[in-house]
Amino acid sequence: MKKLITALFTILLYSSLISAQWGYVTPPETFFGGNHILSHNGELFFSNNLDIYKTTDNGSSWINLTNGWANAPGNANIMIQIAGNNIFVGSFLLGVFMSPDNGSTWQIDSTGLEGSFNCHIVYTDGSNVFASFDWPTYGFYRKPAGPGAWTRINSNVIGGGYISTVKGMTKINNILYAATRNSGVYESTDNGMTWTKKTNAGLPSPVDGQFADRLLNIGPDLYVSTDNGIYKSTDQADSWTRVDQGFATWNQF
């Protein structure tokens, strides 16, 4: 009986592994790859160089939310974030644009911004929205999560230049974390007004001037992607351990 149970378990295990496969999802545009995909309230939002799309059936069909509104030569829609009914998009040429009504209408969201080129991130914690701009203007901005003006919040330690450009953000409890291009990970306990650099022990030295690309958390643990692998911190960014087992090198988003 034990042998029979063991054999049955083995068959079920292998059957489960075989069935756990990836399936191709038809993209919204045939010739344009995607830049970001976001899950929100059971729907997926997808950005590319042309438009912003939404699917309510796991990618079987797509709804074009912008219909050419964000289409500009050389533009790329880099990052999507959603707070309530407000959709925020950071782009390469158009700065930040937003929809206050779940994608029905769109508007440029630039009041208070001192540049509109190369918006690396838009991040929201539900209460505030943050935007980070790269060359040539640089800048790190915040505003309430809705229509309104942006306020510059970068300082001499974060967001004001090339090495300190903010490339990723996340929040754990009441603490914000920000990963910069190559000056490490910082934390803020006052909604982003002031930032403190973490110890960052174990993170690699910058490669070709590029360090961090994305930052996220799973529960209390932080993960950052770098040009030299994916790293994990279990002590609020004071120390980091590489966890990708060597497969992730150079700009692993």
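Colleague: Which residues does Lys 198 touch, leaving aside those up to four places away in sequence?

Modeller: In this predicted model, Lys 198 touches Val 185, Tyr 186 and Glu 187, and also Gln 236, Ala 237 and Asp 238, when residues up to four places away in sequence are not counted.

Colleague: And where does Lys 198 lie, and is it buried or exposed?

Modeller: Lys 198 lies in the loop between strand 16 and strand 17, and it counts as buried because its relative accessible area is 12%, under the 20% cut-off.

Colleague: How far is Lys 198 from Tyr 186 in sequence and in space?

Modeller: The two are twelve residues apart in sequence, and their C-alpha atoms are 5.4 Å apart in space.

Colleague: What does strand 15 pair with?

Modeller: Strand 14, residues 175-180, runs antiparallel to strand 15 and is joined to it by four bridges, and strand 15 also pairs in the antiparallel sense with strand 16, residues 196-197, over two bridges.

Colleague: What sits between strand 14 and strand 15?

Modeller: Those two strands form a hairpin with four residues between them, and in the turn Gly 184 has a positive phi of about 100°.

Colleague: Which residues other than glycine have a positive phi?

Modeller: Tyr 138 is one of them, with phi near 55°, and Asn 173 is another, with a positive phi of about 55°. Most residues other than glycine have a negative phi, and most peptide bonds are trans.

Colleague: Where is the cis peptide bond?

Modeller: The peptide bond from Trp 135 to Pro 136 is cis, with omega near 5°, and Pro 136 has its place in the loop between strand 10 (128-133) and strand 11 (139-144).

Colleague: Changing topic, how many residues are in the largest nonpolar core, and which have the most contacts inside it?

Modeller: That core has 13 residues, and those with the most contacts inside it are Val 96, Phe 133 and Trp 150. Strand 7, strand 9 and strand 10 each give two or more residues to this core, and its largest share, three residues, comes from strand 10.

Colleague: What does Trp 150 touch?

Modeller: Not counting residues up to four places away in sequence, Trp 150 touches a list of residues including Val 96, Asp 109, Leu 113, Val 129, Phe 130, Tyr 141 and Arg 142.

Colleague: Last one: what is the order of strands in the open sheet of four, and which are the edge strands?

Modeller: The order is 17-18-19-20, with antiparallel pairing, and the edge strands are strand 17 (212-218) and strand 20 (241-242), each of which pairs on one side only. Strand 19, residues 229-233, pairs with strand 20 over two bridges, and Tyr 231 stands opposite Arg 242 in strand 20.

Notes. Residues numbered from 1 in each chain as written. Predicted model: local features only at pLDDT ≥ 70, side-chain atom pairs only at ≥ 80, totals over all residues. Heavy atoms only, no water. Pairing = 2+ DSSP bridges. Core = buried A, V, L, I, M, F, W, Y, C linked by side-chain atoms within 4.5 Å. Buried < 20%, exposed > 50% of the residue type's maximum accessible area, 1.4 Å probe, protein only. Contact = heavy atoms within 4.5 Å.
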